[in-house]
Amino acid sequence: MGQPRIIAIDLDERSIIRRNEDIEQERRVAVYDLLEGNHFDLAGHEGPFRVQMRVEDGRLAIEVRDADDAPLELIRLGLARFRRPIRDYFQICESYFTAVRSGDPKGIEAIDMARRGIHNEAAELLTECLSPQVDVDFDTARRLFTLICVLHIKAGPMVVEQSGMEG
């Protein structure tokens with residue numbers, strides 16, 4: 001029996017216009033954590049899986065391949081439902097890092113709780129959107145949402161230099 005997990009994940013670099021070192025670090029952390037432990041069960045297929053994420057025509061495209069790199073499925077999700085959580089998440093991250101730089105521990109704690117809340121809600125939304133094609137656990141959905149944010153940086157007003165998206 002196969003393993004319902006991702007063994008390789010890649011973001012299509014053509015989907016990303018620019019990102020600063022903080023964003024690149026968040027991408028590296030999310031990818032590392034995702035590969036260390038995840039649950040990704042693609043209906044009708046046995047894992048492990050290789051995944052590439054990209055944005056095509058305003059939609060998230062998740063290309064799933066088997067361990068030998070043979071194509072299995074292409075999952076497309078509309079990004080409209082994620083625009084608000086992404087925007088809110090970027091805004092709260094900016095507030096968080098402003099508070100970190102100012103050294104206000106109470107402010108940092110309150111903002112971090114809000115940041116985690118937004119991240120958690122977005123992970124739940126992603127889990128719901130992927131169902132019934134893919135079953136993911138909560139931590140996997142959170143890390144995938146972080147990667148969606150990295151991909152979404154190219155979209156108009158979302159082109160911002162933000163830090164710390166994994167919450």
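This report describes the fold, the sheet, the helix packing and some local backbone features of a predicted protein model.

## Basis of the model

The structure is a predicted model, in which local features need pLDDT of at least 70 and side-chain atom pairs count only at pLDDT 80 or more, while totals for chains, interfaces and linings use all residues. Residues are numbered from 1 along each chain as its sequence is written, and side-chain values use heavy atoms, with hydrogens and water left out.

## Overall composition

The secondary structure of the protein comes to four helices and six strands, where helices (H or I, at least four residues) and strands (E, at least two) are DSSP runs numbered from the N terminus. Read from the N terminus, the elements follow the order β-α-β-β-β-β-α-α-β-α.

Of the 167 residues in the protein, 45% are buried; here buried means under 20% relative accessible area, exposed means over 50%, and partly exposed lies in between, with a 1.4 Å probe and protein chains only. Among the contacts in the protein with a separation of 6 or more, 66% are between residues 24 or more positions apart, a contact being defined by heavy atoms within 4.5 Å.

## The four-stranded sheet

Four strands form an open sheet in the order β1-β3-β4-β5, with mixed pairing, and two strands are taken to pair if DSSP finds at least two bridges between them. The edge strands, each of which pairs on one side only, are β1 (6-11) and β5 (71-78), and the twist from one strand to the next averages 20 degrees.

Strand β3 (residues 49-56) and strand β4 (residues 59-66) are paired in the antiparallel sense over eight bridges. Within this part of the sheet, methionine 53 has isoleucine 62 of β4 as its bridge partner, and glutamate 56 stands opposite arginine 59 in β4. The pairing of β4 with β5 is antiparallel over seven bridges, and the bridge partner of arginine 65 in β5 is proline 71.

## Turns and cis peptide bonds

Most residues other than glycine have a negative phi, and most peptide bonds are trans. The hairpin of β3 and β4 has two residues between the strands, and aspartate 57 in this hairpin takes a positive phi near 50 degrees; with a relative accessible area of 80%, aspartate 57 is exposed. The hairpin of β4 and β5 has four residues between its strands, and aspartate 69 in the turn has a positive phi of about 75 degrees; at 41% relative accessibility, aspartate 69 counts as partly exposed.

A cis peptide bond with omega of about 10 degrees joins glycine 47 and proline 48, and proline 48 is placed in the loop between β2 (40-42) and β3. The peptide bond from serine 131 to proline 132 is also cis, with omega near 5 degrees, and proline 132 lies in the loop between α3 and β6 (134-136).

## Helix packing

Helix α2 (residues 80-102) and helix α3 (residues 105-130) pack at an angle of about 160 degrees, with their axes 9 Å apart. That angle makes α2 roughly antiparallel to α3, given that angles under 35 degrees count as roughly parallel, over 145 as roughly antiparallel, 65 to 115 as roughly perpendicular and the rest as oblique. The axes are lines fitted to C-alpha atoms, for helices over the stretch in contact, and angles run from 0 to 180 degrees between N-to-C directions. Residues of α2 in the contact include Phe82, Tyr89, Ile92 and Tyr96, and those of α3 include Ile111, Ile118, Leu125 and Cys129. The residues of this contact of α2 with α3 divide into 16 nonpolar, three polar and four charged, with Ala, Val, Leu, Ile, Met, Phe, Trp, Tyr, Cys and Pro counted as nonpolar, Asp, Glu, Lys and Arg as charged, and the others, Gly among them, as polar.

The axes of α2 and α4 come within 11 Å and cross at roughly 85 degrees, which makes α2 roughly perpendicular to α4. The contact is made by Arg83, Pro85, Ile86, Tyr89 and Phe90 of α2 with Phe145, Ile148, Cys149 and His152 of α4, and by class it has seven nonpolar, one polar and one charged residues.

## Two buried helix residues

Cysteine 129 is found in helix α3 and counts as buried at 12% relative accessibility. Leaving aside its neighbours within four places in sequence, cysteine 129 is in contact with Leu77, Arg81 and Phe82; cysteine 129 and arginine 81 are 48 residues apart in sequence and 9.5 Å apart in space, C-alpha to C-alpha.

Threonine 140 lies in helix α4 (residues 138-152) and counts as buried at 0% relative accessibility. Beyond its neighbours within four places in sequence, threonine 140 is in contact with Leu34, Gly37, Asn38 and His39.
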